[in-house]
Amino acid sequence: MGIPLSPRPAQVIDLESMRQRHQARRRFVRLSPELDGLEMVYCLASQPETLYGMPVLAWGLRENGDIVGLVPWMESLAPCEQLNDPDYGHFIGYRDPETEELLESPPEHKEVELHHAAAYFDYEATEETTLIQTLPEHQGTHALCMDDDNSPWQLKQVFGWRLYSDGSIEALLADESLIDSVPILPSDNCLYPGHSRHQVVYFFQRQIANRIRQEDPSTLEALAMMVIPEASQPS
């Protein structure tokens, strides 16, 4: 016996449109700085029984309601939950260093804060990408900036982070020739989004940046292997 035909017309599914809608629901719509010292906990594949802690810089609310911790990691302000690299780290959870409690999800008070803030600052959607929010940098994060193979790299301090309407987050760096007052604030005209000028931007915590400035041999060797893979290859 044949299968009866459906009276409904066939529908063409636009996979690209579905993918774009899914990505839009995961874009960030609000940020909140972490000011109480909560950490991201991660491990390395080479040492699975050893846990490491890294301060969470901020918390991000996605359009779909999910909240994740954010840390300056490699080339971006990265969601902790997405860190799953065998060489550089696998995300385990969050940790409150005061109580030493290991948390599987962001703290409830940050969820409340972010949802209320997003409801209050409910920006109207526009076709053009616009600035939504600016966070001051409070952990001393630095950026290693590279333009091409023939240009020397630059180590620059990060002064803030910008969230745009498309969900992207950019680090604010200073153009030294335009600095007219100090301390530098996130609203100063001398600041620019890192990727608007530099081909590659790698982020480091303050203590690592200080070792780079001091030209610590082991730090420079690790840096070359990480951001300049060719340097570790035999000629």
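Mentor: Happy to! Let's begin with K156, which forms a salt bridge with E176; their closest N and O atoms are 3.0 Å apart. Keep in mind that this is a predicted model. K156 lies in strand β12 (residues 154–157) and E176 in the loop between β14 (169–174) and β15 (191–193), so the pair ties together parts that are 20 residues apart in sequence.

Now turn to E81 and R62, whose side chains meet in a salt bridge at 3.5 Å, N to O. This pair links distant parts of the chain, with E81 in the loop between β6 (76–79) and β7 (84–85) and R62 in strand β4 (residues 58–62), 19 residues apart. R62 is buried, because its relative accessibility is 5% and buried means under 20%. E81, at 41%, counts as partly exposed. There is a further partner to look for here: R26, R62 and E81 are linked in a network of salt bridges.

Next come E39 and R95, with a salt bridge of 2.9 Å, N to O, between their side chains. Here two strands are involved: E39 belongs to β2 (residues 39–44) and R95 to β8 (residues 89–96), and the pair is 56 residues apart. E39 is buried at 19% relative accessible area, while R95 is partly exposed at 25%.

Across the model, the count comes to 7 salt bridges, and the pairs I picked out are among them.

Conventions: Residues are numbered from 1 along each chain as its sequence is written. This is a predicted model: local features need pLDDT of at least 70, side-chain atom pairs count only at pLDDT 80 or more; totals for chains, interfaces and linings use all residues. Side-chain values use heavy atoms; hydrogens and water are left out. A salt bridge is a side-chain nitrogen of Lys or Arg within 4 Å of a carboxyl oxygen of Asp or Glu. Helices (H or I, at least four residues) and strands (E, at least two) are DSSP runs, numbered from the N terminus. Buried means under 20% relative accessible area, exposed over 50%, partly exposed in between (1.4 Å probe, protein chains only).
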